[in-house]
Each structure stands twice: as C-alpha cells, then as structure tokens.
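Thanks for coming, everyone. Please take a look at the model on the screen, and then I'll walk you through a few places in it.

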Amino acid sequence: MLNYLARRLILSVLTLLVIIFASYVMLRLAPGDPTRSSMLDSSSGVSSSEKNEYTKNESLRKKLRLDQSILSGFYGYMQDLLHGDPGTSATVEPGKPVTEMIVERLPVTIKLNLLAITAAYIIATAIGVYSAERSDGWFDRSSTFALFILYSMPVMWVALLLQSLFCAGGVWPVFPLRGVYAPPPEVGTFQAMFIEFYHYLLPAICLAYGSLAGLARYTRSNMLEILNSDFIRTARAKGVSNSGVLWVHAFRNTLITLITLFSGLLPSLVTGSIIIEHIFNIPGMGTLSLLALSSRDYPLQMALFAFTGALTLLGILLADLLYTAADPRIKLQ
C-alpha cells in the first residue's frame, strides 16, 4: 500500500507539472496582450483610471513576464511557485494574493456542491435500485422518461426558469433572487444553518438535477446486470432477504461505477458551478474563474488551472483507495 501511494504521489506531481506547463504555454500563445486588452472592463473590478495605468505601464508586462520567452517566463513562475508565491492578481483585484482570493471563495462553492452532490447521490441511488428491482414496471418506465427529460434540459434555462417562478418578483416568491446571505452573529446555530440552506437550496437543485439523472441511469444499468448474476441467484436460494440481496450483495458491486463517477466530481468545485454562480450572483470559485478568464488575469488563471489539476489527480487517487474498500478483491500493487 505504501509503495503504491508513493508511486502514485510521484506520478501525480509529475502530471501536475505537465498540466501547469501546458496551461502556461496556452495562456502565452493566446492572441492579444492582456496588458492592453479591451476586456479590462468594469466587470473585472478595475476602475477607468486603473485601466489606463495598466494599459500604459510597462511594469505590468514585466510582472507577468510577458517580456520574456515562454520557457524563461515559465522558469521564473515555477521558482516563485516553489517558494510558495503563486503571484498576485493583475486585474480582478490588483495586488491581492491569488491564494487569498481562492481561500475566500472556496468555502461557498464547497457548501453549494456538497449539498448538490449529496442530494444527487442519495436520490439517484434510491431511484436506480428501485427501478432495477422492478425492471419494466410502471415506476421504471415513468422514472426513465422523467430522467431523460431532466438530463436533456440546459442548466442555464432551468436556472432562469426557477428564478422566474420561485424567486423574488416571480410567480411564487419563495426564495431570494440572488446572492448568498451571511447569517448575523446573534442568531443561533440551527437558525444560521437554516438561513444558509435556504439560500443554497435553489442553486443546488440546478446543479444536482443533471447529475442525478445520469447517476440514476448508471445505477439502474449496473444493478440490472448484477441482479442477473449467478451469485445473486445463489443468495436468493440460500434464503437471503430481498433487502439483503439488493443492498448487501448487489449494490456493493455497483459501488465501483459510482466511485468512478465520484472521482470526477472534485474538479467541479472549481468549474462545475460557473453558470449557476453567475446567474445567482454567488461569490464562489465559478464566479472567480469567470472573472479571471474575462479579464485575462494570468496569475489567477494559472492558480485556478493548477488547483483544478490537483483536485483531478486527488479525485483519481481517492477513487483507487475507495475501490479497495468497496471490493476486497481489488489490490493496490
């Protein structure tokens, strides 16, 4: 186990270096000059006087190492990164460390995605198992039809539709229209949790429904295959209860597929909620990524690329470890 982890960590570090290098090269090869870009507009948080200063000040080019070759600039960036300095924002919040910007917004996105992912897995698992147990029944057919409709609906359209129906100014104004409200310090713990849940619920629904549909279909198809296996028939012949067959024998073998899908969810902490956070005006990682791209903030973009790559590699490593817990026959060598 320790040898395997050591090898995977070394491989992950090398892979992350390749990701960082490829990201840096693509940013440098992109057309245009970020220090003289018309995309430095008011949405990036830069005033008109600051825009004029940045577009005319050659020191910004030196700060971003745009006056150096790609290899020289990357070498300088890696030197700073290895010393724990990924840089400061150039345009979104000029002079502010990018790590501080990420740390400020990451908890918001984690809460939003955690609520959406938890709900999606719980509901999808129940629907998938129940549909497989009663294959070709009325519930299986109706849930299949409903899940395909959910999977085909665009996230942006659903978010705007729910806003027009259930947010302030809509048909049934139940939820707030935009933003995440921080509970006042004088309220109790449970009341604060309810306030946060109330503000996260509608964006979480928009994030969860697409994943829910896909996970439910994957669960159903794998459960159908396993329920027709010989060891399931043997378990039934031994008198194992129906719930024991479903959840102890069949569902445990389905976990391999669900774990594989789960490994791709960690990068969604950065990229998966860009549209939803923008529509609901949530100050999370998705909004930060959109600002970094629109304003061509090189240091912030590089930090986000590296962070996303690290989360992807971490998700793959966690999936490998969870495989052994779900199926003892799998050995890490």
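**Around A292**

Let's start at one residue. Leaving aside residues up to four places away in sequence, A292 touches V92, D297, L300, Q301 and L304. Contact here means heavy atoms within 4.5 Å.

A quick word on the source. This is a predicted model, where local features need pLDDT of at least 70, side-chain atom pairs count only at pLDDT 80 or more, and totals for chains, interfaces and linings use all residues. Residues are numbered from 1 along each chain as its sequence is written, and side-chain values use heavy atoms, with hydrogens and water left out.

Back to A292. It sits in helix α13, residues 285-295. Helices are DSSP runs (H or I, at least four residues), numbered from the N terminus. Is A292 buried or exposed? A292 is buried, with a relative accessible area of 0%. Buried means under 20% relative accessible area, with a 1.4 Å probe and protein chains only. S89 is 203 residues away along the chain, yet the C-alpha atoms of A292 and S89 are separated by 8.9 Å.

**Helix α10 and its partner**

Next, α10, residues 242-262. Where does α10 bend? At F251, by about 50°. That bend is the angle between axes fitted to the seven residues ending there and the seven starting there.

Several residues of α10 are buried, including G244, L246, F251 and L258. Their cover includes α5 (98-133), α8 (189-227), α9 (230-237) and α14.

Now α14, residues 298-326. It packs against α10 at an angle of about 175°, with the axes 9 Å apart. Axes are lines fitted to C-alpha atoms over the stretch in contact, and angles run from 0 to 180 degrees between N-to-C directions. The two helices are therefore roughly antiparallel, a term for angles over 145 degrees. On the α10 side, R252, L255, I256, I259 and T260 take part; on the α14 side, A319, L322, Y323, A325 and A326.

**The cores**

Last stop. The largest nonpolar core has 42 residues. Such a core is a set of buried Ala, Val, Leu, Ile, Met, Phe, Trp, Tyr and Cys residues joined through side-chain atoms within 4.5 Å. M223, L227 and F280 have the most contacts inside it. Helix α8 gives the largest share, 15 residues. M223 touches V129, A132, L246, A250, F251 and T254, again not counting residues up to four places away in sequence. A second, separate core of 13 residues includes Y24, L27, Y298 and A306.

Terms used. Angles under 35 degrees count as roughly parallel, over 145 as roughly antiparallel, 65 to 115 as roughly perpendicular and the rest as oblique. Buried means under 20% relative accessible area, exposed over 50%, partly exposed in between (1.4 Å probe, protein chains only).
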